[in-house]
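Please consult the sequence and the structure shown here alongside the text.

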Amino acid sequence: MFWRITLPNIKWGVVYGVILCNARAMGEFGAVYVVSAELRQTDTMPLRVEKLFQEYNSPASFALASC
């Protein structure tokens, strides 16, 4: 019932929500990166995920990002 009735009626709302959530997450990462990237003692979670990903430690970066 969900796949045939509900989802077709709300699909554009769901698509818009996913796009908006992704855009806000990227914007938030940009703000965190600009503010705290210059401070070496600051290690926020988004910056740590990026450092792990840049070091080719994908399992750790995905595990931390899913928290």
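A residue is called exposed when its relative accessible area is over 50%, buried when it is under 20%, and partly exposed in between. The model discussed here is predicted.

**Aromatic pairs.** A pair of aromatic rings is described by the distance of the centres and the angle of the planes. Rings pair if their centres lie within 6.5 Å, and planes over 60 degrees apart count as edge-to-face. The count by this rule is two aromatic pairs. Phe2 and Trp3 form an edge-to-face pair. Phe53 and Phe62 also make an edge-to-face pair, because their planes stand at 70 degrees.

| Pair | Centre to centre | Angle between planes |
|---|---|---|
| Phe2 and Trp3 | 5.3 Å | 80 degrees |
| Phe53 and Phe62 | 6.3 Å | 70 degrees |

The exposure of these residues can be stated one by one. Phe2 has a relative accessible area of 42% and is therefore partly exposed. Trp3, at 66%, counts as exposed. Phe53 is partly exposed at 46%, whereas Phe62 is exposed at 56%.

**Helix α2 and the loop after it.** Helix α2 covers residues 45-54, and Leu47, Val49 and Leu52 are buried in it. Tyr56 follows α2 and lies in the loop between α2 and α3, the latter covering residues 58-65. Most residues other than glycine have a negative phi. Tyr56 is not a glycine, yet its phi is positive, about 60 degrees. With a relative accessibility of 76%, Tyr56 counts as exposed.

Terms used. Residues are numbered from 1 along each chain as its sequence is written. This is a predicted model: local features need pLDDT of at least 70, side-chain atom pairs count only at pLDDT 80 or more; totals for chains, interfaces and linings use all residues. Side-chain values use heavy atoms; hydrogens and water are left out. Rings of Phe, Tyr and Trp (its six-membered ring) pair if their centres lie within 6.5 Å; planes under 30 degrees apart count as stacked, over 60 as edge-to-face and the rest as tilted. Buried means under 20% relative accessible area, exposed over 50%, partly exposed in between (1.4 Å probe, protein chains only). Helices (H or I, at least four residues) and strands (E, at least two) are DSSP runs, numbered from the N terminus.
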